[in-house]
There are 2 protein chains.
Amino acid sequence: MSDAGERIALDAMGGDNAPATTVAGAVEALRGSGVRTILVGDRDRLEAELRKLGAAEEGLRIEHASEVVGMDEAPAVGIRQKQDSSIRVAARLVREGQAEALISMGNSGATMAAGVLVVGRAPGVDRPPLAGLLPGKGAGTLLLDIGANTDCVPQNLLQFGIMGSLFREVMHRVERPRVALLNVGAEEVKGNQLSLAAHALLRESEVNFVGNAEGVDLFTGDVDVVVCDGFTGNVAIKVMEGTGDLAFGLLRSAATSSNRGRLGGMMLRPALGEIRASFDYAEWGGAPLLGVNGLVFIGHGRSHPGAVERAIVQVDAALSRNLPALLEKGLA
Amino acid sequence: MSDAGERIALDAMGGDNAPATTVAGAVEALRGSGVRTILVGDRDRLEAELRKLGAAEEGLRIEHASEVVGMDEAPAVGIRQKQDSSIRVAARLVREGQAEALISMGNSGATMAAGVLVVGRAPGVDRPPLAGLLPGKGAGTLLLDIGANTDCVPQNLLQFGIMGSLFREVMHRVERPRVALLNVGAEEVKGNQLSLAAHALLRESEVNFVGNAEGVDLFTGDVDVVVCDGFTGNVAIKVMEGTGDLAFGLLRSAATSSNRGRLGGMMLRPALGEIRASFDYAEWGGAPLLGVNGLVFIGHGRSHPGAVERAIVQVDAALSRNLPALLEKGLA
């Protein structure tokens with residue numbers, strides 16, 4: 001539950017159906033959980049959305065921004081040229097201390113750029129990583145980086161391990177999180193130049209390093225945190241998504257190709273929907289960009305109001321648990 | 001269908017249940033498809049397996065090898081120190097022209113090392129890649145490299161594209177195969193240093209380059225060949241395997257947790273088994289190491305006799321279509 005004041009800036013113009021979905025999500029978070037956000041974007045349009053939802057009197061603060069970085073715009077260009085874009089204004093609120101966290105369902109590259117360039121990196125962090133919680137047995141596995149830094153040096157992966165470990169401790173109450181390195185084999189001698197060097201660094205660090213993990217180990221619940229460069233991590237989550245799409249597509253065909261199949265499909269439908277959702281990135285709510293001066297949370301562009309609401313409530317919980325300060329302390 | 005003579009050397013000692021599974025697979029390939037292999041390994045044990053199968057009179061040639069590289073042995077060490085190992089003797093048969101292809105279900109690292117060091121690289125090939133055909137819509141997508149070369153330079157990826165394209169033309173009758181680069185976004189400006197440079201090389205090459213593919217695009221049938229370094233490719237296939245395990249594990253739970261679920265599961269069982277198998281690397285038969293002087297085919301250690309048989313028949317078909325010579329010509 002939030003304090004009375006607003007501490008989350010929501011890029012209300014970001015996402016496929018913004019601002020309708022974002023405003024609806026913010027209103028749901030307020031009504032359902034008492035969490036207040038600052039809506040950043042075109043004042044007239046945001047006020048119109050609030051009126052539509054009968055929420056004009058709820059007193060949600062609006063911070064006007066006259067521009068929007070489009071979903072397909074080059075992130076660096078968008079963030080540099082559009083000084084009055086909703087994502088940049090939201091980031092500025094965090095930098096100036098008017099808010100502690102920023103959420104955007106918009107252009108994810110621009111959000112990462114705003115996080116690094118406007119909000120700023122936390123002390124001791126060279127490259128803030130994007131962290132995604134994968135579906136799986138138990139409490140799941142946190143994979144980072146899933147796309148913020150395509151080229152990494154070994155030191156980056158060590159920092160990812162420290163941040164991921166702290167994140168799981170603070171957010172999921174995991175004690176001494178088991179940290180692994182994504183690699184092509186379990187043996188220490190396996191890997192590319194980056195993973196071999198990162199292995200050595202992690203082994204000598206204070207994180208609870210349990211060695212290499214392979215792609216299959218991401219979903220077994222045997223490790224709590226897995227680190228890799230942002231290129232490999234991004235490929236990994238998209239292969240997971242593609243495999244899920246294919247498996248359930250084949251299942252759908254099987255469940256419509258015969259009477260027997262149709263009957264079976266009907267019986268299993270409720271369970272199938274739930275399993276399917278766990279592989280859908282859009283259902284996760286979003287992924288935090290760790291290691292910035294505050295908290296930046298990047299949602300999926302296709303997010304619906306429920307996902308926006310979930311993102312807001314999650315970020316609020318992270319702030320209540322002092323995640324940014326604890327990360328900074330841990331990295332010192 | 002094979003010629004009368006043997007042209008495939010089978011590492012009969014390689015794999016989890018070798019030589020029982022390998023000899024059984026070789027006998028099935030002979031009886032079912034008329035394809036003769038040279039069995040390489042311990043003569044006494046191989047003769048005993050043949051007798052067990054009532055196949056002592058079939059006249060399968062045995063080439064004695066006194067040593068075996070174990071599944072967990074360091075590949076380079078195993079292949080260098082065990083000069084009379086079954087994998088090394090099989091590779092020597094190919095180098096000496098006594099066979100045209102080598103199949104091993106054993107230590108995959110040692111098989112790759114034997115391919116590169118003993119069989120030798122084909123002219124114009126810097127780094128032979130391992131190629132895996134992924135399940136998916138239509139004729140599937142060939143991903144390479146899935147694990148032979150963990151660190152690559154852009155030129156390697158271009159060669160992978162040329163070889164992958166020729167492989168799909170020759171083996172799967174795909175005309176002008178669509179070749180894509182595995183990357184973190186569709187736009188040309190996306191990627192890490194390797195993929196950005198490889199993109200430029202592929203664009204200017206003679207392959208039918210269709211741009212970047214993301215992880216989700218590996219299973220849609222929209223591209224025929226996808227190239228990447230062996231680290232990323234290996235993570236990709238293992239994430240696919242892990243996602244499949246998780247999805248079907250969850251499905252199994254759903255199909256046993258209620259009467260409704262149990263009934264549905266029973267109805268769908270035949271279809272489920274088939275879908276499940278398509279995500280199981282062990283069912284594929286194996287993956288070719290392209291760009292060596294001949295053909296080296298690496299099977300899964302857990303292969304059963306049917307998978308060994310399938311590998312033999314596939315390799316025989318590749319030889320009948322002159323794959324090695326056509327690859328060499330295409331690379332010239």
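User: In what sense do β7 and β8 of chain B pair, and over how many bridges?

Analyst: Strand β7(B), residues 179-182, pairs with β8(B) in the parallel sense over 4 bridges. Strands here are DSSP runs of E, at least two residues long, and helices are runs of H or I with at least four, numbered from the N terminus; two strands pair if DSSP finds at least two bridges between them. This is a predicted model: local features need pLDDT of at least 70, side-chain atom pairs count only at pLDDT 80 or more, and totals for chains, interfaces and linings use all residues. Residues are numbered from 1 along each chain as its sequence is written, with chains lettered from A and ligands numbered from 1 in the order in which they are written.

User: What stands opposite B:Ala180?

Analyst: B:Gly211 in β8(B).

User: And what is the strand order in that open sheet?

Analyst: The order is β5-β6-β9-β7-β8 in chain B, 5 strands with mixed pairing. β5(B) (131-134) and β8(B) (209-213) are at the edges with a single partner strand each, so one side of each has no neighbour in the sheet. From one strand to the next the twist averages 25°.

User: Which helix packs on the sheet?

Analyst: α8(B), residues 230-254, touching β5, β6 and β7 of chain B. Contact is counted when C-beta atoms, placed from the backbone, lie within 7 Å. The direction of α8(B) makes about 135° with that of β6(B); angles run from 0 to 180 degrees between N-to-C directions, with axes fitted to C-alpha atoms, for helices over the stretch in contact.

User: Switching to the chain A–chain B contact: how many residues does each chain put in?

Analyst: Chain A puts in 45 residues and chain B 45 residues. On the chain A side, α8(A) gives the most, with 18 residues.

User: New topic, α2 of chain A. Which of its residues are buried?

Analyst: In α2(A), residues 43-52, they are A:Leu46, A:Glu49 and A:Leu50. Buried means 20 or more other C-beta atoms within 10 Å of the residue's own, exposed means 12 or fewer, and partly exposed is in between, with C-beta atoms placed from the backbone.

User: What is exposed on the face turned away?

Analyst: A:Asp44 and A:Arg51. The cover over the buried residues of α2(A) includes α1, β2 and β3 of chain A.

Note on methods: Two residues are in contact if their C-beta atoms, placed from the backbone, lie within 7 Å.
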